[in-house]
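Please open the model in your viewer and keep the selection panel at hand. We will go from one selection to the next, with a short note at every stop.

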Amino acid sequence: PKTITEYIHRVGRTARAGKEGKAVSLVVENERKLLREIHRKAKDQLTSRKVPSKVIEGWIDKIKRMSNDIEAVMKEERREKEIRLADVEIQKAENMLTHEREIYSRPKRTWFQTSSQKQDVKAKTRRGSDTVEKVEKASRGDRKRQKLEKARKEAIKRQMNQMEKERSHSQMLAKRARKQEQRKRQAADNAAAALGAVQSQKRKRRR
């Protein structure tokens, strides 16, 4: 096999319906890449053996000696196939001659729809597909409008949240300023009261 997919398919033929089997693959030098890929993807550990060059040469010689016999067998198979096809054609011709009257007396095959009916069906189908397309476009438009509306609401919500944060911050600053102003007034009142007390004591001493 030239690909890992073909290899898996071939190996799968060695074991069917839960049965076990063994597959033997002959790999030459220029197929090492495929062999490495098989090793990576194999679930079970693969056993590899190197065939000595002398053994390979012996099998090459044996195949060469058998090449004439193999060619003869292949020719015989092709001839047998041609004979079978010829027999089938002869059988068809004999059936035509034997049952000619019966065959030609059969009613002409007609379709359940006329040409005009077929055209009507095609036109209705096109109109239906156009309607479906229009509905889909409208649906896409609705979804787009929904997305835009959602984005607009989210933008308004973010803007309102930002305004609320700014308002809260402004209120906090104003409250802090009022407290500072109150502390200043309290300090001024305390200072005035203290100054009045000192002046009154001075007046008493003078008397």
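Start by colouring the predicted model by pLDDT, the predictor's confidence in each residue, from 0 to 100. Among the elements of the protein, helix 3 (residues 53-98) has the highest mean pLDDT, 86, and helix 4 (residues 100-105) the lowest, 73. The protein averages 77, and 86% of the residues score at least 70. A word of caution for the rest of the tour: where pLDDT is low, the predicted coordinates should not be read in detail.

Two notes on reading what follows. Residues are numbered from 1 along each chain as its sequence is written, and side-chain values use heavy atoms, with hydrogens and water left out. As this is a predicted model, local features need pLDDT of at least 70 and side-chain atom pairs count only at pLDDT 80 or more, while totals for chains, interfaces and linings use all residues.

Now switch to a cartoon view. The secondary structure comes to five helices and zero strands, where helices (H or I, at least four residues) and strands (E, at least two) are DSSP runs numbered from the N terminus. Read from the N terminus on, the order is α-α-α-α-α.

How many of the 207 residues are buried? Buried residues make up 2%, with buried meaning under 20% relative accessible area, exposed over 50%, and partly exposed in between.

Select Val51, Val55, Ile56, Trp59, Ile60, Ile63, Met66, Ile70 and Met74. Together they form a nonpolar surface patch with about 800 Å² of accessible area. Patch members have over 30% relative accessible area and no salt bridge; nonpolar side chains (Val, Leu, Ile, Met, Phe, Trp, Tyr) are joined within 5 Å, like charges within 9 Å. Zoom in on Trp59, which lies in helix 3 and is exposed at 52% relative accessible area.

For contrast, select Lys175, Arg178, Lys179 and Arg183, which gather in a surface patch of positive charge. Lys and Arg count as positive, Asp and Glu as negative, and His and the chain ends are not counted; each charge is placed at NZ of Lys, CZ of Arg, CG of Asp or CD of Glu. Lys175 sits in helix 5 (residues 115-206) and is partly exposed, at 47% relative accessible area.

Last come the salt bridges, each a side-chain nitrogen of Lys or Arg within 4 Å of a carboxyl oxygen of Asp or Glu. The count is five, and here are some to visit:

- Glu29 and Arg32: their closest N and O atoms are 2.9 Å apart. Glu29 is exposed at 58%, whereas Arg32 is partly exposed at 40%.
- Arg78 and Glu71: the side chains meet at 3.8 Å, N to O. Arg78 is partly exposed at 42%, and Glu71 is partly exposed at 37%.
- Arg185 and Glu181: the closest N and O atoms are 3.7 Å apart. Both residues lie in helix 5, four residues apart, about one turn of the helix. Arg185 is exposed at 55%, and Glu181 partly exposed at 38%.

Technical notes:
Accessible areas come from the Shrake-Rupley method with a 1.4 Å probe; for residues, only the protein chains shown count as cover. Buried means under 20% relative accessible area, exposed over 50%, partly exposed in between (1.4 Å probe, protein chains only).
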